[in-house]
Amino acid sequence: LDRGSNFVNNVLYDCEHNGAGSRHIYGVWFQNQVSAASGTCANNTIFDVKITGTANARGLYVQLDKASTVCQNNIAMDTSTTSSGNVKDFEYAATTLWTPDYNLSSDDTSDDGGGTNCLINKAAADQFVSVSGSIDLHLKTGSDAIDAGTDLGTSPENMELDTDGRDRDAEGDT
């Protein structure tokens, strides 16, 4: 995503690459090459990004360092490799002007870059209704993510709506 993009309220899962030609795989690569633009990456679930070669795999890679960057309330889990590639649920290229907050990972990366209020080393089976067979990435009762985020309001457009169209802002959900 590029040029002042907003990536909100998405579910991305079961992404696989064979790593041919040492090409890496990113569930989401959030970047910005426009000096004045910023972006929001929030309320996303990224699950099961995998590579079968020796290249790297990232669930969510943020490659921008703007004071107005928002990277909050994201879940990236079960990023994997079947070979020797480097794997991370989250990676932040630079966080000198912003701080990633309120993210959750199955490894220890959601709080990298000085992240606060992040949850690390959580098992996907404890978060989602079903992670095998018939995948259901709705949060299940007892999930660490329930009420662990932050209220991001209603901007950008539809920020407040969850995957089922429920208005988190109006209901007072975090």
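User: Asn 158: buried, partly exposed or exposed?
Analyst: Partly exposed, with a relative accessible area of 37%. Keep in mind that this is a predicted model.

User: And where does Asn 158 lie?
Analyst: In the loop between strand 13 and helix 1. Its backbone is worth a look too: Asn 158 has a positive phi of about 70 degrees, although it is not a glycine.

User: What about Asn 73, what's its phi?
Analyst: Asn 73 isn't a glycine either, and its phi is positive, at about 60 degrees. You'll find Asn 73 in the loop between strand 7 (70-72) and strand 8 (75-77).

User: Is Asn 73 buried or exposed, and why do you call it that?
Analyst: Buried, because its relative accessible area is 14%, and the cut-off for buried is under 20%.

User: OK, switching to charges. How many salt bridges are there?
Analyst: The count comes to 6 salt bridges. One of them pairs Arg 58 with Glu 91, where the closest N and O atoms are 2.4 Å apart.

User: How accessible is Arg 58? And Glu 91?
Analyst: Arg 58 is at 6% relative accessibility, so it counts as buried. Glu 91 is at 22% and counts as partly exposed.

User: What's the lining like by class?
Analyst: There are 13 nonpolar, 14 polar and 9 charged residues.

User: Which element gives the largest share of that lining?
Analyst: Strand 13, with 3 residues. Strand 13 (136-139) and helix 1 (168-171) each supply at least two.

User: Now the largest nonpolar core. Which residues touch the most other members?
Analyst: Phe 30, Leu 60 and Val 62, out of 19 residues in that core. Two or more residues each come from strand 3 (25-31), strand 5, strand 6 and strand 10.

User: What does Leu 60 touch?
Analyst: Leaving out residues up to four places away in sequence, Leu 60 touches Val 28, Cys 41, Ile 46, Cys 71, Asn 74, Asp 89, Phe 90 and Glu 91. That brings back Glu 91, the salt-bridge partner of Arg 58.

User: Ile 51 next. Where is it found?
Analyst: In strand 5 (residues 45-51). Ile 51 counts as buried because its relative accessibility is 0%.

User: What's around Ile 51?
Analyst: Setting aside residues up to four places away in sequence, its contacts include His 17, Asn 18, Gly 19, Arg 23, His 24, Ile 25 and Asn 56, along with Ser 80, Thr 81 and Thr 82. Pro 100 is another story: its C-alpha is 25 Å from that of Ile 51, with the two 49 residues apart in sequence.

User: Last one, Ala 55. Which loop is it in?
Analyst: The loop between strand 5 and strand 6. At 3% relative accessibility, Ala 55 counts as buried.

User: And what does Ala 55 touch?
Analyst: Ser 22, Arg 23, His 24, Gly 85 and Asn 86, not counting residues up to four places away in sequence. Arg 23 and His 24 are on the contact list of Ile 51 as well. As for Gly 149, its C-alpha is separated from that of Ala 55 by 32 Å, and the two are 94 residues apart along the chain.

Terms used: Residues are numbered from 1 along each chain as its sequence is written. This is a predicted model: local features need pLDDT of at least 70, side-chain atom pairs count only at pLDDT 80 or more; totals for chains, interfaces and linings use all residues. Side-chain values use heavy atoms; hydrogens and water are left out. Helices (H or I, at least four residues) and strands (E, at least two) are DSSP runs, numbered from the N terminus. Buried means under 20% relative accessible area, exposed over 50%, partly exposed in between (1.4 Å probe, protein chains only). Contact means heavy atoms within 4.5 Å. A salt bridge is a side-chain nitrogen of Lys or Arg within 4 Å of a carboxyl oxygen of Asp or Glu. Ala, Val, Leu, Ile, Met, Phe, Trp, Tyr, Cys and Pro count as nonpolar, Asp, Glu, Lys and Arg as charged, and the others, Gly among them, as polar. A nonpolar core is a set of buried Ala, Val, Leu, Ile, Met, Phe, Trp, Tyr and Cys residues joined through side-chain atoms within 4.5 Å.
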